[in-house]
Amino acid sequence: MARLATADPWWLLTGLLFTYLGAVAAACVRQGAITDRLPPGALLASQIAAGAANHVLPASIGAHAVTLRFLRREGVPLNRATASIALYSLVRAVAKIPLVLAFVLAAPTAVPPAELFPQGRTLFLAAACLLLVPLAVVALFAVARPLRRPALDFVRTALTDARLLHTRPARFLPLWGGAAAAPLLQAGVLACVGTALGLPLSWSQLVFAFLAASTAAGVVPAPGGIGPIDAALVLTLAGYGTPLPLATATVIGYRVLTVWAPLLPGMLVLSAMVQRGRL
């Protein structure tokens with residue numbers, strides 16, 4: 001914290017701006033994931049409130065719960081609301097992959113992917129999880145017959161809506177554009193903190209460090225990603241040769257700007273929307 005006290009305040013304010021631009025990107029993805037036109041102001045406010053709730057429950061459950069409540073209040077049927085949340089989650093995960101590949105191809109000497117991505121036993125466990133989760137879901141539906149019909153209805157609705165959305169540029173452009181912008185904005189927060197602290201790394205290295213660390217640690221459910229991503233970020237920055245105390249201070253500053261600083265405003269917005277019947 002002593003290092004953060006001596007950081008350049010203008011860069012920290014820029015990082016905070018990137019944090020709130022992340023809420024704008026999330027609102028774009030939410031609108032792009034559903035055919036109904038949502039009120040822009042209320043949608044943006046719901047994503048600011050969802051950001052606060054996201055740090056309470058793991059795996060983005062808090063953010064999705066707030067968004068689901070908002071969509072239901074806007075008259076969206078439950079099956080289409082849940083389908084939009086599933087599409088939102090899928091697109092956010094998929095959009096990060098080409099970004100990582102683009103950094104690797106554009107600057108192969110600046111980004112050491114072989115050192116940053118999980119290897120050995122960690123990579124084996126991640127691959128095993130990716131294979132076992134779909135098998136577990138299929139086995140669950142095979143055993144629990146009452147779940148088959150609702151599950152098939154959900155899949156049918158999700159596929160129909162996804163196909164319709166991708167025929168409308170006013171939906172798929174904000175859907176994929178916002179999904180690509182969101183991790184870059186988060187990485188921009190980390191880069192701003194690193195610059196404010198005088199981190200001896202370029203912005204491309206800091207952005208790639210965030211993308212690589214968040215991708216590798218994203219399979220571990222945690223409230224707001226706190227914990228796994230933090231550890232991965234520290235190790236990634238240290239892998240670039242950053243002194244460990246400076247890498248730790250950078251990650252702490254990133255969390256201050258993305259979690260603690262927006263938490264009170266987010267809770268106030270959440271309370272206001274509940275009182276006004278928007279949630």
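Me: Helices (H or I, at least four residues) and strands (E, at least two) are DSSP runs, numbered from the N terminus. Which pattern does the protein follow when it is read along the sequence?

Reply: The pattern is α-α-α-α-α-α-α-α-α-α-α-α, and the secondary structure comes to 12 helices and 0 strands. The model is predicted, so that local features need pLDDT of at least 70 and side-chain atom pairs count only at pLDDT 80 or more, while totals for chains, interfaces and linings use all residues. Residues are numbered from 1 along each chain as its sequence is written, and side-chain values use heavy atoms, with hydrogens and water left out.

Me: Why does Leu233 count as buried?

Reply: Buried means under 20% relative accessible area, exposed means over 50%, and partly exposed lies in between (1.4 Å probe, protein chains only). Leu233 has 0% relative accessibility and therefore counts as buried. Leu233 belongs to helix α11, residues 228-239. Its C-alpha is 9.4 Å from that of Leu211, a residue 22 positions away in sequence. Of the 279 residues of the protein, 41% count as buried.

Me: Why does Ala86 count as partly exposed?

Reply: The relative accessibility of Ala86 is 33%, and the residue therefore counts as partly exposed. Ala86 is found in helix α5.

Me: What makes Asp36 and Arg80 a salt bridge?

Reply: The term requires a side-chain nitrogen of Lys or Arg within 4 Å of a carboxyl oxygen of Asp or Glu. For Asp36 and Arg80 the N to O distance is 2.3 Å, and their side chains meet in a salt bridge. Asp36 is in the loop between α2 and α3 (40-53) and Arg80 is in helix α5 (residues 78-106), so this pair ties together parts that are 44 residues apart in sequence. Asp36, at 26% relative accessibility, counts as partly exposed, whereas Arg80, with 17%, is buried.

Me: Which residue forms a further salt bridge with Arg80?

Reply: The partner is Asp161, with the closest N and O atoms 3.6 Å apart. This pair links distant parts of the chain, since Arg80 is in helix α5 and Asp161 in helix α8 (residues 148-165), 81 residues apart. Asp161 has 13% relative accessibility and counts as buried. Salt bridges that share partners join Asp36, Arg80 and Asp161 into one network.

Me: How many salt bridges does a search of the whole structure find?

Reply: The search finds 4. One of them is formed by Glu74 and Arg278, whose closest N and O atoms are 2.9 Å apart. Glu74 lies in the loop between α4 (61-73) and α5, and Arg278 lies in the segment after α12, so the pair ties together parts that are 204 residues apart in sequence. Glu74 counts as partly exposed at 29% relative accessibility, and Arg278 is partly exposed at 31%.

Me: Why is α2 called oblique to α5?

Reply: The two helices pack at an angle of about 125 degrees, with their axes 9 Å apart. That angle makes α2 oblique to α5. Axes are lines fitted to C-alpha atoms, for helices over the stretch in contact, and angles run from 0 to 180 degrees between N-to-C directions. Angles under 35 degrees count as roughly parallel, over 145 as roughly antiparallel, 65 to 115 as roughly perpendicular, and the rest as oblique. The crossing of α2 past α5 is right-handed; this term applies if the near helix is turned clockwise from the far one by less than a right angle, and left-handed applies if anticlockwise.

Me: Why are α9 and α12 oblique to each other?

Reply: Helix α9 (residues 169-196) and helix α12 (residues 244-275) pack at about 125 degrees, with a separation of 9 Å between their axes. The helices are therefore oblique to each other. Their crossing is right-handed.

Me: Which residues form the nonpolar patch on the surface?

Reply: The patch consists of Leu17, Leu21, Val24 and Leu44, which together have about 290 Å² of accessible area. Patch residues have over 30% relative accessible area and no salt bridge; nonpolar side chains (Val, Leu, Ile, Met, Phe, Trp, Tyr) are joined within 5 Å, and like charges within 9 Å. Areas follow the Shrake-Rupley method with a 1.4 Å probe, and for residues only the protein chains shown count as cover. Leu21 is partly exposed, with a relative accessible area of 34%, and is placed in helix α2. Helix α2 (residues 9-32) supplies the largest share of the patch, 3 residues.
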